Amino acid sequence: MENRRLELIKADITTLDVDAIVNAANTTLLGGGGVDGAIHRAAGPDLLEECKSLNGCPTGQAKITGGYNLKARHIIHTVGPVWSGGMHNEHALLASCYQTVMALAEKNNLSTVAIPCISTGIYGFPQEEAAKIAINETTRFLQKNKLPQKVIFVVFSDESYKIYWKLLDQ
Ligand code: AR6
C-alpha cells in the first residue's frame with residue numbers, strides 16, 4: 001500500500017512544485033555546495049536571512065523554512081552525518097534525518113515532500129546503504145501516518161536511480 005505513496009524521479013530538486021523539498025544542509029544552515037548551494041541560489045537571499053535566525057541544526061535533526069523563490073512552499077533542512085567509515089553512528093544519524101523530516105512534514109500538514117539522497121554527495125555515505133535507510137525509514141513513517149500523502153525520492157544520477165529502483169521494486 002505504502003509503495004503507492006512513494007515515487008522516484010531523476011530531477012533537479014529545485015524545480016519541483018511540491019509542498020516541501022528537503023535540503024541536505026550542514027549544521028550552520030547557512031548554505032554550502034551540492035544541493036544546498038543549488039537550493040539557496042534558486043530560493044534567493046531571503047532564505048539565508050531566515051536561516052540565520054534558526055541558530056543552526058544538529059546532525060540528524062531538521063528545521064523548516066519558507067520556500068521563497070522556489071515553486072516549493074517550504075524547505076525542510078536536515079543535516080546528514082559525514083561518513084567516517086560506518087562506526088561513528090552514521091546509520092542511526094541518517095535514519096534520524098528521515099524520521100525528523102517526516103515528522104516535521106506531518107506536523108506542518110504537508111502533503112507532498114521531495115527528498116534528495118541525504119549525505120551521499122560531499123558527505124560520502126555509501127549510496128546503497130543510504131538508499132536502504134531512506135526507503136525503510138520513510139516507509140515505516142508512512143505506515144503509521146496519513147501525512148505526508150506522497151514522498152518523492154529525487155535522484156541526480158542514473159546510478160542512484162538504478163539503486164533506488166532496485167530497492168523499491170523488492
Ligand atoms: N537536485 C537533486 N539532487 C542533487 C542536486 C539537485 N540540484 N544537487 C546535488 N544533488 P550533497 P551531502 C544530489 O553533496 O552529501 C553541502 O556543502 C547529489 O548528487 O548535496 O549531504 C552542505 O552544505 C547527492 O546524491 O549533500 C553540506 O556541507 C545528494 O544530492 C554538505 O554539502 C546529496 O549530495 C552535505 O553533503
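Modeller: Let us begin with one pair, keeping in mind that this is a predicted model: Asp 17 forms a salt bridge with Arg 73, and their closest N and O atoms are 2.6 Å apart.

Colleague: Where do Asp 17 and Arg 73 sit in the chain?

Modeller: Asp 17 is in the loop between β1 and β2, while Arg 73 is in the loop between β3 and β4, so the pair, 56 residues apart, links distant parts of the chain.

Colleague: And is Asp 17 buried or exposed?

Modeller: Asp 17 is exposed, with a relative accessible area of 53%, whereas Arg 73 is partly exposed at 39%.

Colleague: Which other residue forms a salt bridge with Arg 73?

Modeller: Arg 73 also forms a salt bridge with Asp 19, where the closest N and O atoms are 3.0 Å apart, and because Asp 19 lies in the loop between β1 and β2, this pair ties together parts that are 54 residues apart in sequence. Through shared partners, Asp 17, Asp 19 and Arg 73 are joined into one network.

Colleague: Why does Asp 19 count as buried?

Modeller: Its relative accessibility is 17%, and Asp 19 counts as buried because the cut-off is under 20%.

Colleague: Changing topic, how many salt bridges does the structure hold?

Modeller: The structure holds 7 salt bridges, and one of them is formed by Lys 10 with Asp 158, whose closest N and O atoms are 2.8 Å apart. Lys 10 lies in strand β1 and Asp 158 in helix α5, so this pair ties together parts that are 148 residues apart in sequence.

Colleague: How accessible are Lys 10 and Asp 158?

Modeller: Lys 10 is partly exposed, with a relative accessible area of 47%, and Asp 158 is partly exposed too, at 48%.

Terms used:
Residues numbered from 1 in each chain as written. Predicted model: local features only at pLDDT ≥ 70, side-chain atom pairs only at ≥ 80, totals over all residues. Heavy atoms only, no water. Salt bridge = Lys/Arg side-chain N within 4 Å of Asp/Glu carboxyl O. Helix = DSSP H or I, 4+ residues; strand = E, 2+ residues; numbered from the N terminus. Buried < 20%, exposed > 50% of the residue type's maximum accessible area, 1.4 Å probe, protein only.
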